[in-house]
Amino acid sequence: MKKYVLIGLLTAFCWRMLLGQPQPERSIGNQQAKPWTYWWWMGNAVNENDITQQLEQFARAGLGGVHIIPIYGVKGYEKQFIPFLNDRWLGVFAHTVREGKRLGLGVDLTMGTGWPFGGPGVSTAVAAKKWKLENGKLLTELTRQQVKRPAPGGEGLVLDYFSQSAIEQYVKRFDSTLARLPEQPRAVYNDSYEVFGANWTDNFLAEFKNRRGYDLTTQLTAFLDTTRTETSILVQQDYHQTLADLLRDGFTKTWTSWAHGHQYRVRNQAHGSPGNLIDLYAVVDIPETESFGSSRFPIPGLRVDEQYEVDRFGTPNSLAMKFASSAANLTGKPLVSSETGTWLANHFQVSLSQIKPQVDQLFTAGVNHIFYHGVPYSPPAEAWPGWVFYASTNYGPASHFWPHLPLLNQYIERCQTRLQRSKPDNDVLVYFPIHDLWATPAKSAGGIHQLEVHHVERWLLPQPFGQLCEQLLDRGYSFDYVSDDLLNKLTVTKEGIRSPGGATYQVIVLPQTTYLPEQSLRQLERLARQGARIIVDGQLPAKAPGFYKHAARSAEIRQLAKTLGQLKSVTVSANLFETLRQSNVRAETWAAEGLLFIRKRQRDTTHYFIANLGNRFRQNWVALSAQGQATRYDPLTNRTEPVLTRQGPNGQREIFLSLEPGQAYFVDVSSAKATLPRSASTTKRADLSSQKPMDLQSPWQVQFLRGRPALTASVTVPRLGSWTTFADSADYFSGTVRYSTRFDRPAGKPDVSSYQLDLGDVREVAEVRLNGQSLGTAWCIPFRLSVPASQLKPTGNQLEIDVTNLSANYMRLYDRQQPDWKKFYDINMVDIRYQPFDAGRWKPTPSGLLGPVTLTPVH
């Protein structure tokens, strides 16, 4: 294993000698390339001076914008509450937009307070509704759901999302308030669909008959049947299709049209909706997915909060995220955003090293516009910990990682600069058979299918579609999902199958599907006759969805399927992946070693962003499907280097990929012809036998510097470990501690160009100096830095490592001494299990430099 590490390090030396020193990549300075943040205005108790001061802090830290969400207030500040959308509120909002422009920060706004849409202007006539059965008839009643976490002036009933007239009435409030301001937000926003129990609207029966071709009340027995007879399945499909249509046409299109009329862009979280997520995301400008909780990656050293209830809250999943990115790719939308880092761990316990892998996962799933979740507005004069939102993670100035947040922000900006500039380079379109999903029992409130991102194991992964997509991901295929609506908008060109947004694909894959609309099958036939490659997994569908003239329509399906199966460019395959291989569909076979990636194109260059979020891969020779001159760009260090290349055993050009668990970087392949240096075609010239890491085991001096509570202790320890055991009260200390030691330069050969300093287990961020000169800051796994050989003296090298920990240990003390900091309305403060917050019961969290610290020569 060490052999491969040094082969990878040899790569840089060879290419530097051939092509010169690596060059840093310049930032485009684009505010949209920087991460943005949710900004909760608690009680709207805001003022111009504090707004300016906080925005200036955000800009200095490297944020690109804020998303304002008016939310519940803080006890004791009632006189400062500002009712949502009154003249004073509009004034501070306009000030925010003006100051944002001055500082280069964008501003988005939730169109309401808390979530979902609703409030004082929502009468019972336009509020969310559900059906009820009375005297054998379907009637309408209110769900009575109130806006969740409302700000002052935002309380009230939740809106009827299935009613166009309700949406039109709701946005009128903003016509007379927000829209008249000279200072406007970039985008308006709708949170994830959390309208619980709503499954009806006043004119549902009329809409159903108009859209489905028959009166639902004539099939009332089938509609109410829970035994899943064939007729009940067909009627339920029609019912869900009508809800989906109304949510798309009544809410999403109506709201988007209104926003565009006022020059706003639209950000929308469609997940949780009882509709086809692809179609809902496709309507808006910026589709937004969500990363909630921890993905529990098996990265050595990565900690997860064991109190997080996976069964209750679920985990982030790449396949759920791809609904948003697929819609964007197919429709040509340049931005895909994500609510990021919600409840990643308990309050005061989230580290930057936990955030980065979740961000890397989002990037590989097609996200390129990160929104932190988030920062509570907190007056600068407020004592620590300031105002705190009930759901962790806090990315604000009161957070323990705030001084080092610019490092994460720079990393994200560098990644998103490339991801936003480039275009999707996916070969496979996978049809999403939502009618098959609607044929299964619904588990959400109101008896409907709500397609949420948290628990894909409940609705997505059990379906053949989900199982197929998992296999495609594992086998290294780049793919997007396609809905019936977008399928009907595809065309065929010389380059391949073209989406309405200009993306080009090589093949359409139809997973095992029982129900398929006739129009979709006709479109597949038209595409196939024009030369589109179509692969059917197993067998063609034999049934039409829906009750209306079902027998006749299913007969048409069978005839269309028979015709389709006889076309030259269509393969009904018993072995889908063998057929994909024979069709020369590109697969990055190295993904099977546990790597996630996204492949994108920018003119004549293919960009791979590759993340090792597992514990299987370290180093290996790999063959990329894109061939040409390869370089590596590391967004962590902002440096570009050529990579070691060879001619593989099968004649393919291979690159040497060295990627430790937790690492991620870009591999860029230019179509320009690559020239191999002679030394790069073999590894036998490298003498690696003496390359062993030196363990820095000297006694360590430990000095408590700054933090809470104030400690001035200074001790010498024979071995590294958590500082919580080094001094009295150290188990409550939150702040920065210096670890220092002296060592001599390792004996070795004169061709050592640098050394790799591995800090081992760091809790949580380490700023490192060698002989008084900075080596950089290690803030993510693996905690490693490069040491130039010229910076080492033969003897007496002084190594200083300033480590900053979490604020959890101090909160153990503070929560007992000052419990009144929990002074919030609505939910006040809860822990990760949504139980009353009590840090006094926490055990001390390991803190400091746990090591081992090693130094390895690099040739």
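Predicted model: local features only at pLDDT ≥ 70, side-chain atom pairs only at ≥ 80, totals over all residues.
1. Main core. The largest nonpolar core holds 249 residues. Within this core, Tyr739 and Leu759 touch the most other members. Helix H7, residues 230–261, is the top contributor, giving 10 residues.

2. Separate core. Another core lies apart from the largest one. This other core has 18 residues, and Trp590, Ile610, Ala626 and Ala630 are among them.

3. Rolling a probe the size of a water molecule over the atoms shows where empty space is left. Searching the whole structure turns up 7 cavities of 30 Å³ or more. The largest cavity contains about 160 Å³ of space. Its lining is made of 17 residues. Closest to the centre of this cavity are His347, Phe348, Thr393, Asn394 and Ser399.

4. Which classes make up the lining of the largest cavity? The lining has 10 nonpolar and 7 polar residues.

5. Sheet order. Four strands form an open sheet, in the order S31-S42-S35-S39. The pairing is antiparallel. Strands S31 (694–695) and S39 (784–788) are at the edges. Each of these two has a single partner strand, so one side of each is left without a neighbour in the sheet.

6. How many bridges join S31 and S42? There are 2 bridges, in the antiparallel sense, and S42 spans residues 854–858. Asp695 has Thr854 of S42 as its bridge partner. In general, strands of a sheet pair through backbone hydrogen bonds.

Conventions
Residues numbered from 1 in each chain as written. Heavy atoms only, no water. Core = buried A, V, L, I, M, F, W, Y, C linked by side-chain atoms within 4.5 Å. Buried < 20%, exposed > 50% of the residue type's maximum accessible area, 1.4 Å probe, protein only. 1 Å grid on protein atoms, 1.4 Å probe; cavity = no way out; pocket = protein on both sides within 12 Å on 5 of 7 lines; lining within 4 Å. Points joined across faces, edges and corners; volume = space filled by probe spheres on them. Nonpolar A, V, L, I, M, F, W, Y, C, P; charged D, E, K, R; others polar. Pairing = 2+ DSSP bridges.
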